[in-house]
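This report is for a reader meeting the structure for the first time.

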Amino acid sequence: MTEPVLTSTGESLPLPEGLPGIVADLSSDQRAFKNVPWGKAMMWIFLLSDTFIFSSFLISYMTVRMSTTEPWPNPSEVFALTLFGKSIPLILIAIMTFILISSSGTMAMAVKFGYEKNKKMTFILLLITAALGATFVGMQAFEWTKLIEDGVRPWGNPMGAAQFGSSFFMITGFHGTHVSIGVIFLIIVAIKVLRGDLDHQRPGFLTGRKGNYEIVETMGLYWHFVDLVWVFIFALFYLW
Amino acid sequence: MAHAERQQQGAEGQQHAHVEGQQHPIGIYLKIWGLLFVLSAASYLVDYFHFQGYLRWFLIIVFMLLKAGLIVAVFMHMLWERLALVYVIVVPPLLLMVLLGIGALEADYTFFTRGVYFFKGLL
């Protein structure tokens, strides 16, 4: 078994007096997650709830696909691209998969350099991650355009079962939204790193707590989750 | 002498693992990155070579779970977290197996009734 890593969880909270003090005292408890900062624990719990959302989508996709009496369009052919005069099955999706995995790799390294307080490398790697994420969203927009031109709609398509369109737009649309939000936050975190906000412990927006390099890891958790969801979408929607 | 040196290096390495935050050598990320590339390529090849039936489904699921496991364990640092956090995050999604089962049952039933009521072949 690997040894758990020790992490600074910040200073203890001030004890307010009077009415706010009652609320603060009654709502406090022994902290459950001993060696992670609060932001990281909260991000994990958010990701857990997001897991349930995406799972609901994927399970309802399974349900409509199993119950339809029409033939399901073959994703291998629907998502084929003609490159150099040759039709290659699913090639766009494969490239998107590699792009997202690469962005996960650069993100993981950004977290590492962040904890080493290597500002320049963290900034560069965060920016590369954001660029790869933006490329992914761009390719997804291209894919949507192509499918819409082919006549795929949420209520029907010329290739077969009508549920194909609704499942596709719902699942990839929700995932694409996650990637887009991720790109925006990656750029925000990258700017904070470059400005030295984290070195000087300047508080961020929406919080009075001191900034530190743990937000890079929290950002990383979200980004890896987006990649994780894509692993499931790639396997269950595109390859099945 | 060389042995003592190596022991010292080992001790330093141990200390290194105990510094603040999730700090791990860059090599592990690069290796996992490479492994994820290989697994993605493998699952793409399943489609490219037109594997069908149970073999296809088995390979897709295996590659999917391996990739998911690697991302969660290494990239998301679950390997180095305390068990309390790991269990709180990893155990609840197992409940989804129930939803999966319900969905499959319901889908089978819907398919059956559609077959009975929408079948126009004999009219």
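## Chain B

Along its sequence, chain B runs α-α-α-α-α. That gives five helices and zero strands. The model is a predicted one. Of the 123 residues in chain B, 18% are buried.

## Helix H2 of chain A

Helix H2 of chain A covers residues 38–67, a run of 30 residues. At 1.5 Å a residue, H2(A) should span 44 Å, and because its end C-alpha atoms are 44 Å apart, the model agrees with that expectation.

Several residues of H2(A) are buried: A:Lys40, A:Met43, A:Trp44, A:Phe57, A:Leu58, A:Tyr61, A:Thr63 and A:Ser67. The cover over these buried residues includes elements from both chains. Chain A supplies helix H6 (163–195) and helix H7 (214–239), while chain B supplies helix H4 (83–90) and helix H5 (96–118).

## The largest nonpolar core

The largest nonpolar core has 70 residues. Those with the most contacts inside this core are A:Ala110, A:Leu126, A:Leu186, A:Val189 and A:Phe234. Elements giving two or more residues to the core are, in chain A, H2, helix H4 (91–115), helix H5 (119–149), H6 and H7, and, in chain B, helix H2 (26–48) and helix H3 (53–75). The most comes from H7(A), with 18 residues.

Which residues is A:Ala110 in contact with, leaving aside its neighbours within four places in sequence? They are A:Thr122, A:Leu125, A:Leu126, A:Thr129, A:Val216 and A:Gly220. One of them, A:Leu126, is also among the core residues with the most contacts.

How values were computed:
Residues are numbered from 1 along each chain as its sequence is written. Chains are lettered from A and ligands numbered from 1 in the order in which they are written. This is a predicted model: local features need pLDDT of at least 70, side-chain atom pairs count only at pLDDT 80 or more; totals for chains, interfaces and linings use all residues. Helices (H or I, at least four residues) and strands (E, at least two) are DSSP runs, numbered from the N terminus. The expected span of a helix is 1.5 Å times one less than its number of residues. A residue is buried if 20 or more other C-beta atoms lie within 10 Å of its own, exposed if 12 or fewer, and partly exposed in between; C-beta atoms are placed from the backbone. Two residues are in contact if their C-beta atoms, placed from the backbone, lie within 7 Å. A nonpolar core is a set of buried Ala, Val, Leu, Ile, Met, Phe, Trp, Tyr and Cys residues joined through C-beta atoms within 7 Å.
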